Structures are given as C-alpha cells and as structure tokens.
Amino acid sequence: MINKIKGTYDILPDEVAKWQEIEDSIQNVSKLFNFKEIRTPIFEYSELFHRGVGETTDIVKKETYDFKDRGDRSVTLRPEGTASVVRSVIENKLYASANQPLKLYYQGPMFRYERPQKGRYRQFRQFGAEALGSNSPLIDAEIINYAATFLEALRIKNITIKINSLGDALSKEQYKRKLQEYLEPNIEELCSDCNRRYKENPLRVLDCKVDKDNPILKEAPKPLDYLTEEAKYHFEQVIEALDAIGLNYVIDKSLVRGLDYYTHTVFEIDANNMESLGAQATLVGGGRYNNLVESLDGPDIPAVGFAFGMERLLLALESVDKPVVDPFIHCFMIALGDEVQGDALRIVNDLRHGGLTCDYDFFNKNLKGKFKQAERLNPMFLLIYGEEEAKDMVVNVKDTRNGVQETIPLANLYHYIVSHINTQGSSCSGNCSDCDEC
Ligand code: AMP
C-alpha cells in the first residue's frame, strides 16, 4: 500500500463541509472589504523565494521544497503566497491599475519541510491578503480589521490581536545594531540557530522557538524604542485607526515576524483557547512590507498584508458552537419496479434542475435495502414511486422530519417540495392558495 507523504493529510468527504464554510467566509468577507481574488502557480523559480522571503530565513534555509525540473531550472513549491502575488503584480503591471491601492486575496496550498505536529504540516493551506500601493496607516488598520472581521464571521471570538512596529528601514538598521551589541556577550547561551541568526539577521533571534523564554531574549532591547520620528508617527496613526474602529488589541513589544521583508506594523492574532499548542495558536500573521516590491525588481510601492493558516482555523472552529445545519439531501427516490425506473430518473432529474439535491438507489436493491439506504442519507423527503403511482401520475412524498406522507400530483411535486423545505411539514399540498408559501 502506498501511503500519503509525511506532513500531508486527506480531506475526507465528511470533513469537506468545514473547509467549505471557511472558503465561503473568505469570499464573503473579502467582498465586504472589496478585495479581489488572485490565483498564482503553486511553483515558481527558486530565486523568487530566495530574494522575496529572504536568504537568511528558516523557510529558505531549511524548509523549501526545491528541485531541478527536466530543463535543469531550479524551481520551488511555494512556501508562502506574498512573493508570488508580488511577482504577478510586477509581471502583469497590475500596479499601474487605476484602482489604488490594489487589494488582492488568495488561498491555496503552501509547502514547507517542517517537523509535522498538530497545526503544523508540510502541505498546508493559507488564506492571505495584500494591499499594494498605499503607505497610509489606515490601510494597516484596515488589513487588521479585515482579518478580525473574517474571524468574527467564523464565530471565532476568543482571540488576542497583538501588534508591534519594526519601523522603517532606518529604524530597523539602528535597532539591528543595538540588538547585535546586546546579544554579543551572551550569544553562546542561546541555541545554535540563534548563533547563526544574530550575525545574519538578529531580529530573527527574538522569534526563536527554542529560546523564547530565555531572560536574555525577554530583556533584549525592543524595536519600538528605536523608531524614527516618522515611523513612530505611522504607528500612532495605526493605533488611532484601530481605536476608532473599536478593535481590542495589545501592543506586544517583542513581536517580530519570521520573514525578512516586514517594515513598520507587524501583527498576529492568536486563538486564546489554543494556548496549549504554543506557536501553533497563531491563526494569522502579517504586517507592512514596504521594500519587497522594489527588491523583486518592481516599482517602489509600499504594501501590507496577512496570511492565515487554514488548518489552525479548523482547530479553532472545533470549540465554536455551530447552528444545526439542514440535511444536505432534499429528496431520495425509491422507485419500485423495473418499469418505472426511467420515469423515476426523469422526475429526479427535473427536481435537480430546479436546484434540489436528490439521490437514487443505483443498485436496484429490494424494498428493505432501499429504505436502509434512505435512512443513512437522511433526506428531507422520501419520494416513493411505483406502478400504481405511475398510472395515476402521482408521487408519494414522505416528509422525514415529521413523518407526514402525502400523495402529490406529479405536476405539483416540485412546488410542493420547495414550499415545504422550510415549513417542517405544513398540511399544504402545494397549491392551496391560502398558506404563506402558495
Ligand atoms: P507565515 O507565512 O510563516 O507568516 O505564517 C502565517 C500563518 O500560516 C501562521 O500564522 C500559521 O497560521 C500558518 N502556518 C505557517 N506554517 C504552517 C505550517 N507548517 N502548517 C500549518 N500552518 C502554518
């Protein structure tokens, strides 16, 4: 038997509804914020991620799926979505569009060679959004609000929004030097990765999963204390906008994000009830990345965005009370006798064309078998159709929710069912002209 690759998973039919709920919310909330979907390839030239995500990041150093294609080109399965979106914006000159800022969202699989555990996979899905072309702090707040509104739409309420600022390029440079000076005398007490990171990209040391509780890191200088006046003003404006919207947040001075490209605002939203999962409690991470577009040979345009891990959303959804969902199947046809099979199929087909979900016994089981199958599928209505019914041009319809069974003329069948879907079996037969539905 061939098994799935480590760190991947199948989404089985019974689990698909939960994914569809997340996917529907992505579309609905993105529409509210007027973000448009973009779909980019799953693999790109490796150089895009090396330059876009950063040579010194864990993702590029240790986690990418890189391979040579048959033309000896280095290609990489995308480990995240932002670099691809930016590549596409540059290549298709979307930055020249009249509608600014450019507001885009995406969703789909990403690939990272990480140690699989609950909430961490090698193939996982992200929903991300990017707003390109505006340096306004209002759009930083808008992006955070978009992420929070999406969680609200999924009824995930027990969350903490954490924000921080890394400042502009100058603030980051000043801070990096300070941090290196601070870390140097104690660096041997930190893990081997931190020893490497502190030279290449000291900010990443603060993001270390191994040493996160080490007092050396806890007491390290914080980016907020090294902001230029301009960067400080930007951050204050973001906070004012979040206050105006009425979002609750905390300023987390130690928050830095794992990717190289962030400037100014960075944020994360954690699920409070997933604390036991540690770093895996982070549902979404994002922030401003003003230098990325230019560093990928595009024009000098600022941008801000986020990326949700969709598996984490699924975990967070486990503790959300859900309304009872209607049974998925509207009708199940029980056709009795070989002569009526064709007619019965046509009836089912007509109902489907009217938007009703219908199923059928394709094994031509005996009566008991047919009822058993119907029971398993749990339809709202059982349609019973035999030779007698065919002669009288009627169908016996049983509303399985209240057990009421009625004989309905074929010509009224569709109307009868549609008018009874939401009525839990009223006594109307579909053309009474007195009830609310008729
Ligand atoms: P990042 O692209 O690293 O900023 O991650 C953004 C979000 O993607 C995280 O907050 C997680 O929710 C999710 N994520 C990142 N890596 C993984 C992974 N290996 N498995 C599942 N979700 C992930």
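Guide: D297 sits in the loop between α10 (292-295) and β11. Helices here are DSSP runs of H or I with at least four residues, strands are DSSP runs of E with at least two, and both are numbered from the N terminus. This is a predicted model, where local features need pLDDT of at least 70 and side-chain atom pairs count only at pLDDT 80 or more, while totals for chains, interfaces and linings use all residues. Residues are numbered from 1 along each chain as its sequence is written, and side-chain values use heavy atoms, with hydrogens and water left out.

D297 is not a glycine, yet its phi is positive, about 70°. Most residues other than glycine have a negative phi, and most peptide bonds are trans. A cis bond turns up elsewhere: it links Q100 to P101, with omega about -5°. P101 belongs to the loop between α4 and β5.

Now follow β11 into its sheet. Eight strands make up this open sheet, in the order β1-β5-β6-β11-β10-β9-β7-β8, with mixed pairing. Two strands pair if DSSP finds at least two bridges between them. Inside the order, β6 and β11 run antiparallel, joined by seven bridges. A303 in β11 is opposite L132.

Helices pack here too. Helix α1 (residues 13-32) touches β5 (102-111) and β6, and its direction makes about 160° with that of β5. Contact means heavy atoms within 4.5 Å. Helix α4 (residues 82-91) also lies across β5 and β6, at about 135° to β5. Such angles run from 0 to 180 degrees between N-to-C directions, with axes fitted to C-alpha atoms, for helices over the stretch in contact.

Next, the ligand. β6 (123-132), β10 (282-288) and β11 (303-309) each bring at least two residues to the shell around it. β10 gives the most, with three residues. The ligand has 14 residues around it, and R112, E114, Y121, Q126 and R257 come nearest. A residue counts as near if one of its heavy atoms lies within 4 Å. By type, the shell holds five nonpolar, four polar and five charged residues. Ala, Val, Leu, Ile, Met, Phe, Trp, Tyr, Cys and Pro count as nonpolar; Asp, Glu, Lys and Arg count as charged; the others, Gly among them, count as polar.

A polar backbone atom of T282 is 3.0 Å from a ligand oxygen. For L283, a backbone N or O atom lies 3.3 Å from an oxygen atom of the ligand. At G309, a polar backbone atom is 3.2 Å from a ligand oxygen. A polar contact is a pair of N or O atoms within 3.5 Å; within protein, one must be able to donate a hydrogen and the other to accept it, and residues adjacent in sequence count only if both atoms are side-chain atoms. Taken alone, the ligand exposes 490 Å², and the protein buries 92% of that. Accessible areas come from the Shrake-Rupley method with a 1.4 Å probe; for residues, only the protein chains shown count as cover.
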